[in-house]
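Trainee: I'd like to learn how to read a model like this one. Can we go through it together?
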Amino acid sequence: MRRDYFQLDVENIDWVETDGDAEKPLVRIDFRGPEGSLRERLTGTEESLLEAEETDVAYRLQDGIDDPDATGVVSVTNRITGDFVLELNEDADDVLRFIRAAREYGQYTADPDEGRYRVEISVEGEHLVSYEKQTFLVYDKEGNLLRGQSLIPSGVEL
């Protein structure tokens, strides 16, 4: 699937910089392409849509992390098969701001098992699936994990 079929919008991240009330960060991904192909990629071995624990969210930089104009690729993958569900291009500053908000939100949640952010995927504005997530991995352009920039809950070993 083409990356330009996807539009990504985020909400609930500005509170970190303005000292506002904590809100769970939300990323909305809307797909504007052939619905069958996305639905097929989001379908697991049981012929039902993948659950949150069957998916991983990551960001792979295409430039150096210190480059002020750095860009990269946000991806959602099927954790069971390793297949990409979707990929889209995003600016590094925007993704890192989102991860920072999710990390800060984790400090305010009473339940350690509650997601630190929410992902909603839709097709042409029609809701398809939502995931409560705790992990968001960031990789440099060589494919090395950047632990300091990633969102990794305590007690999780990679």
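Trainee: Leaving aside its neighbours within four places in sequence, which residues is Leu128 in contact with?

Mentor: Some ground rules before that. This is a predicted model, where local features need pLDDT of at least 70 and side-chain atom pairs count only at pLDDT 80 or more, while totals for chains, interfaces and linings use all residues. Residues are numbered from 1 along each chain as its sequence is written, and side-chain values use heavy atoms, with hydrogens and water left out. Contact means heavy atoms within 4.5 Å. On that basis Leu128 touches Leu38, Arg39, Leu42, Leu49, Ile121, Ser122 and Val123.

Trainee: Is Leu128 buried or exposed?

Mentor: The labels go by relative accessible area: buried is under 20%, exposed is over 50%, and partly exposed is in between (1.4 Å probe, protein chains only). Leu128 has 11% relative accessibility, so it counts as buried.

Trainee: Which strand does Leu128 lie in?

Mentor: Strands are DSSP runs of E, at least two residues, and helices are runs of H or I, at least four, numbered from the N terminus. Leu128 belongs to strand β7. Two strands pair if DSSP finds at least two bridges between them. An open sheet of mixed pairing runs β1-β2-β6-β7, and its edge strands, β1 (6-11) and β7 (126-133), each pair on one side only. Inside that sheet, β2 (residues 26-31) and β6 (residues 117-123) pair in the parallel sense over six bridges; Val27 has Val119 as its bridge partner in β6.

Trainee: What is the strand order in the other open sheet?

Mentor: The order is β5-β4-β3-β8, again with mixed pairing. β5 (84-91) and β8 (137-139) are at the edges with a single partner strand each, so one side of each has no neighbour in the sheet. β4 (residues 71-78) and β5 run antiparallel, joined by seven bridges, and Gly72 sits opposite Glu90 in β5. Helix α3 (residues 92-108) packs on this sheet, touching β3 (55-61), β4, β5 and β8. Axes are lines fitted to C-alpha atoms, for helices over the stretch in contact, and angles run from 0 to 180 degrees between N-to-C directions. The direction of α3 makes about 110° with that of β5.

Trainee: How far apart are the C-alpha atoms of Leu128 and Thr71?

Mentor: They are separated by 27 Å, with the two residues 57 apart along the chain.
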